[in-house]
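Morning, everyone. I'd like to walk through some helix packing and some aromatic rings. Please have the viewer open.

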Amino acid sequence: MKEELKKQFLEAVNLEEAGQFESARTLLLDSVEKDPECTATLATLGHVCYKMGDWDGAVSVFKRCVELSPILEAVSLGLFHSLWKLGRHVEALEEVKRFQSISDSEDYREIVKEINDKW
């Protein structure tokens, strides 16, 4: 089963890289059904949703990833940017605080500086 999921994941990544986001998402959703705790698959699915402009889908997937792997910076940033795109700025900044309380992110430091400079 694991080999099948790995093959499916790689196929989805190739589809994503080729700009075939809907096909990639379909494969990734199938993989998530089979293995709902694989953060690599979830993170990739979140990224595909983000690229498709499906901010709600991206938020949902990235939140699940954060629950499974709270220390993954890329997943946290994906959640932040998706929330920000939806205008959910308070929640986005709460994610910054959450992540910065357990790790340090240069990207978040730059984002906070940019927000402070603009406002």
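First, the axes: each is a line fitted to C-alpha atoms, for helices over the stretch in contact, and angles run from 0 to 180 degrees between N-to-C directions. Helices (H or I, at least four residues) and strands (E, at least two) are DSSP runs, numbered from the N terminus.

Ground rules next. This is a predicted model, where local features need pLDDT of at least 70, side-chain atom pairs count only at pLDDT 80 or more, and totals for chains, interfaces and linings use all residues. Residues are numbered from 1 along each chain as its sequence is written, and side-chain values use heavy atoms, with hydrogens and water left out.

Start with H5, residues 73-85, and H7, residues 106-118. Their axes come within 10 Å and cross at roughly 25°. So H5 is roughly parallel to H7. The cut-offs: under 35 degrees is roughly parallel, over 145 roughly antiparallel, 65 to 115 roughly perpendicular, and the rest oblique. Contact means heavy atoms within 4.5 Å. H5 brings Glu73, Ser76, Leu77, Phe80, His81 and Trp84. H7 brings Glu106, Asp107, Tyr108, Ile111 and Ile115.

Now H3, residues 39-52, and H4, residues 55-68. How far apart are their axes? The answer is 8 Å, with a packing angle of about 160°. H3 and H4 are therefore roughly antiparallel. Among the contact residues are Leu42 and Tyr50 of H3, and Trp55 and Val61 of H4.

On to the rings. Rings of Phe, Tyr and Trp (its six-membered ring) pair if their centres lie within 6.5 Å; planes under 30 degrees apart are stacked, over 60 edge-to-face, and the rest tilted. The whole structure has four aromatic pairs. Take Tyr50 and Trp55: the ring centres are 4.9 Å apart and the planes are at 65°, so the pair is edge-to-face. Buried means under 20% relative accessible area, exposed over 50%, partly exposed in between (1.4 Å probe, protein chains only). Tyr50, at 24%, is partly exposed. Trp55, at 22%, is partly exposed too. Elsewhere, Phe80, Trp84, Phe99 and Tyr108 form one aromatic cluster.

Last stop, Arg98. Arg98 sits in H6, residues 89-102. Its relative accessible area is 23%, so partly exposed. What does Arg98 contact, leaving aside neighbours within four places in sequence? Val66, Pro70 and Ser76. From Arg98 to Thr39 is 59 residues in sequence and 19 Å in space, C-alpha to C-alpha.
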